[in-house]
Amino acid sequence: MGLFKNLSRKNIICPYCFENFTDDKAMLLCENPHCDSEKNEKLAKYNGVNIIESKHVFAQRRTFFWKKDEDGYKCNNCGIKSRTYVCPHCNNQIPENMLCKGSEIISIIGGPSSGKTTYIISLLQQLEEKATKIGLSIIIDDTGFGSKIEDERLEEIRSTASKYQKGKNDLFIEHNVVQTGKLKKHFQYPWIVCLKSLKTDKEIYLVFYDTAGEDFISSESWRDLRYIKKSKGVIVLLDTLSIPYIQNKINEFEDDNYKGEGTSNFIKTIDALSNFVINRNNRDLCKKPFSFVFSKIDVVNNHSKDLEFNTDSLKNDSSFKETGIFSLKEIDKTHEALKKYLISPKIFNSESVFAKLENLWGDNCRLFGVSSTGGPLNDIKEIAPFRVMDPLIWILHKLGGFEIPTDIKEK
Ligand SMILES: [Zn+2]
Ligand SMILES: [Zn+2]
């Protein structure tokens, strides 16, 4: 069995350009600093510039199937062995593990001001601390480009591991909002994180584009659309402070911490997504688990009376952090509470929005409430992420193969 297990090609979805290829078609980038550089048209095209130089890119001469301990391939230019693999379509670097085991992707998307960057940092911090509780491990990708591609405009690109280290320091130690949108869209490279089941070895990649200030799906952006279509599951971030009733109320608060927030209406995001599904014939998307996540839910906990929100279901952090058992009851309870709140005509007459979601996704969607920080940055002593892992763990549970322990056994 073990022998035959490896005798099939692995299908790879490039996390940069979202084209498919099989593991044997991955190209190599020469690692020898003394090897000649050359114009790289594919990489230039991906980055939207005319010229980019990189080290020599060459094909594998793979005679047998993938072996992890392979010591690489000789560059046909200089003869030095290299094992830096790149996508054959866009020449961006692909983590070796992805080639070895194949790739499936979960993506995180969201409208402007939904706090995407803070969310991913908080999520990774929590996964680092607590993922093993639920039988998962995470590997934060450390493939970088800076040293291998000679173009000063790309110098700022850093591996996921170094972006995360910086972001974690900014948020958890300095209590600063993480800077986004400094780089032009084309120069942004995704965050890539591998999640692995400690029980079954199944792996999946979390891919996140840190694009600031743009409506992810309203544009004709080819990348975002492919991104969603090629994903096995999607986390959609929505801004709690953009719920009209809450937005009006926070302006009456004594509490300045929430004022001026909530600039992007979450309805826009949901509408854009449903239109993409309905009008462009992408109904297959509804067979995939979608987590609709209200960020900055701390506002509801801090002002439950003013906001007339019954916070019973949102009092405590995810119980699995202590018990190691993922509570589907807890997930459903929060889903119902948020739905009830949002369809109440007084609060926000959004029944049509939720009818849309439920009609389309049925049991494949849930509403979540999370807080990446635990409260407004000015107001809290310590960053205390609240329920940030729930949307992801729920998707893994729905996808199956990770053997997430749960409190309800589903058929
Ligand atoms: Zn690619
Ligand atoms: Zn070379």
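This is a predicted model: local features need pLDDT of at least 70, side-chain atom pairs count only at pLDDT 80 or more; totals for chains, interfaces and linings use all residues.
In strand 14, phenylalanine 208 is the bridge partner of isoleucine 108.

Strand 10 (residues 105-110) and strand 14 (residues 203-208) run parallel and are joined by four bridges. Serine 107 also has its partner in strand 14, namely valine 207. Strand 10 is likewise linked to strand 15, in parallel, by five bridges; within that pairing, glycine 110 stands opposite leucine 237.

These strands are part of an open sheet of seven strands, with mixed pairing and the order 11-13-14-10-15-16-17. At its edges stand strand 11 and strand 17 (365-369); each has a single partner strand, so one side of each lacks a neighbour in the sheet. From one strand to the next, the twist averages 20 degrees.

Strand 16 and strand 17 run parallel and are joined by five bridges. In this pairing, phenylalanine 290 has cysteine 365 of strand 17 as its bridge partner.

| Strand pair | Bridges | Direction |
|---|---|---|
| Strand 10 and strand 14 | four bridges | parallel |
| Strand 10 and strand 15 | five bridges | parallel |
| Strand 16 and strand 17 | five bridges | parallel |

How many residues of strand 10 are buried? Six of the six are, so strand 10 is largely enclosed by the rest of the structure. Burial extends to both of its faces: Ile105, Ser107 and Ile109 lie on one side, and Ile106, Ile108 and Gly110 on the other.

Strand 17 is mostly covered too, with five of its five residues buried.

Helix 12 packs on it, touching strand 16 (290-295) and strand 17, and the direction of helix 12 makes about 80 degrees with that of strand 17. Helix 14 (residues 390-399) packs on the sheet as well, touching strand 10, strand 15 (233-239), strand 16 and strand 17; the direction of helix 14 makes about 155 degrees with that of strand 15.

Glutamate 336 is a residue of helix 12 (residues 328-343). Is glutamate 336 buried or partly exposed? Because 13 other C-beta atoms lie within 10 Å, glutamate 336 is partly exposed; a residue counts as buried only if 20 or more lie within that distance. The C-alpha atom of glutamate 336 is separated by 9.0 Å from that of arginine 366, although the two residues are 30 apart along the chain.

Helix 4 has 15 residues and reaches 21 Å from its first C-alpha to its last, close to the 21 Å expected at 1.5 Å a residue. Helix 4 is mostly covered, since 11 of its 15 residues are buried; among them are Lys116, Thr117, Tyr119, Ile121, Leu124 and Leu127.

For helix 5 (residues 160-173), 14 residues at 1.5 Å each should span 20 Å, and the end C-alpha atoms are 19 Å apart, which agrees. Buried residues in helix 5 are Thr160, Lys163, Tyr164, Gly167 and Leu171. Seen down the axis of helix 5, these buried residues fall within an arc of 95 degrees, so they line one face of the helix. An α-helix has 3.6 residues a turn, so residues three or four places apart point the same way. The cover over the buried residues of helix 5 includes helix 4 (116-130), strand 11 (136-140) and strand 13 (191-197).

Helix 4 and helix 5 pack at an angle of about 100 degrees, with their axes 10 Å apart. The two helices are therefore roughly perpendicular to each other. Helix 4 contributes Thr117, Thr118, Ile121, Leu124 and Gln125 to the contact, and helix 5 contributes Tyr164, Gly167, Lys168, Leu171 and Phe172. Helix 5 is followed by histidine 175, whose phi is positive, near 55 degrees.

## The chain as a whole

The chain has 14 helices and 17 strands. Of its 411 residues, 37% are buried. Among contacts between residues at least 6 apart in sequence, 72% join residues at least 24 apart.

How values were computed
Residues are numbered from 1 along each chain as its sequence is written. Chains are lettered from A and ligands numbered from 1 in the order in which they are written. A residue is buried if 20 or more other C-beta atoms lie within 10 Å of its own, exposed if 12 or fewer, and partly exposed in between; C-beta atoms are placed from the backbone. Two residues are in contact if their C-beta atoms, placed from the backbone, lie within 7 Å. The expected span of a helix is 1.5 Å times one less than its number of residues. The arc is that of the directions from the helix axis to the C-beta atoms. Two strands pair if DSSP finds at least two bridges between them. Axes are lines fitted to C-alpha atoms, for helices over the stretch in contact, and angles run from 0 to 180 degrees between N-to-C directions. Angles under 35 degrees count as roughly parallel, over 145 as roughly antiparallel, 65 to 115 as roughly perpendicular and the rest as oblique.
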